[in-house]
Amino acid sequence: MAGFSGSYIGTLDSKNRLHLPVRLRQSSDVALDKCQLTFGVEEQLFLFPEPEWQRIEAKFETFNFAHPDANYVLRQLMSNKVEVSPDRQSRILLPPDLINKAGLKKEIRIIGMIKRIEIWDEDRFQNYLKGYGKTYAEVAAQLLL
């Protein structure tokens, strides 16, 4: 099964719609006809195709409902979740509250992350890369070997 891949620059239009690039949509064999959009863990947005979101929800069912951390994560994801479906021009509508939380401005970075798509403000993404604290080579050496 092919996953989402690639990095693309997009823009928010005047109606807060974001076009999902053709190459990104074609990089995966998972359809984006119904998706769940929510706030990510590093001040970006996560876009999950419905089958992946269902897998995540199944994992939520195993969370210990009495554990404060589990409730915190679940509340963050679920209280910010909205269902979106691309229109005929492959645009999704981003709610103003999620635009504000993710600090999205005009220039948007769209990244295929295998099972999800990340939506970043371009400046915030570049600052994330610069400020990570480790080099790509250091992290790759730990994770890939």
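**A walk through the sheet, its cores and its rings**

Let me begin with the sheet, which is open, has 6 strands in the order 1-7-8-4-3-5, and is built with antiparallel pairing. Please keep in mind throughout that what we are looking at is a predicted model. The edges of the sheet are strand 1, residues 7-11, and strand 5, residues 82-84, each of which pairs on one side only. From one strand to the next, the twist averages 30 degrees.

How many bridges join strand 3 to strand 4? There are 5, with strand 3 covering residues 35-39 and the two strands running antiparallel.

How many residues of strand 4 are buried? The count is 5 of the 5, residues 45-49, and therefore this strand is largely enclosed by the rest of the structure. In a regular strand, in general, the side chains alternate between the two faces of the sheet. In strand 4 both faces are covered, with L45, L47 and P49 buried on one side and F46 and F48 buried on the other.

In soluble globular proteins, nonpolar side chains tend to be buried together. The largest nonpolar core in this model has 23 residues, and those with the most contacts inside it are L45, L94, L104 and I119. At least two residues of this core are supplied by each of strand 3, strand 4, helix 4 (96-101), strand 7 (107-112) and strand 8, while the largest share, 3 residues, comes from strand 3. If we take I119 and leave aside residues up to four places away in sequence, we find that I119 touches L18, L37, Q44, L45, I92, L104, I108 and R109. There is also a second, separate core of 6 residues, which includes F48, I56, F60 and L77.

Let me turn now to the rings, where a search of the whole structure finds 7 aromatic pairs. One of them is formed by W53 and F60, whose ring centres are 6.0 Å apart and whose planes stand at 80 degrees, so the pair is edge-to-face. W53 and F60 are both buried. Another pair is Y128 and Y132, where the ring centres lie 5.8 Å apart and the planes are at 65 degrees, so this pair, too, is edge-to-face. Y128 counts as partly exposed because its relative accessibility is 28%, and Y132 counts as partly exposed because its relative accessibility is 43%. One aromatic cluster is formed by F46, F48, W53, F60 and F63. Over the face of F46 lies R116, at 4.5 Å from the ring centre.

I will finish with two backbone details. Most residues other than glycine have a negative phi. N16, although it is not a glycine, has a positive phi of about 65 degrees. N16 is placed in the loop between strand 1 and strand 2, the latter being residues 17-19, and N16 counts as partly exposed because its relative accessibility is 25%. I114 is likewise not a glycine and has a positive phi of about 70 degrees. Where does I114 lie? I114 is in the loop between strand 7 and strand 8. Is I114 buried or exposed? With a relative accessible area of 60%, I114 is exposed.

Note on methods
Residues are numbered from 1 along each chain as its sequence is written. Side-chain values use heavy atoms; hydrogens and water are left out. Rings of Phe, Tyr and Trp (its six-membered ring) pair if their centres lie within 6.5 Å; planes under 30 degrees apart count as stacked, over 60 as edge-to-face and the rest as tilted. Buried means under 20% relative accessible area, exposed over 50%, partly exposed in between (1.4 Å probe, protein chains only). A charge sits over a ring if NZ of Lys or CZ of Arg is within 6 Å of the ring centre and within 35 degrees of the ring normal. Helices (H or I, at least four residues) and strands (E, at least two) are DSSP runs, numbered from the N terminus. Two strands pair if DSSP finds at least two bridges between them. A nonpolar core is a set of buried Ala, Val, Leu, Ile, Met, Phe, Trp, Tyr and Cys residues joined through side-chain atoms within 4.5 Å. Contact means heavy atoms within 4.5 Å. Axes are lines fitted to C-alpha atoms, for helices over the stretch in contact, and angles run from 0 to 180 degrees between N-to-C directions.
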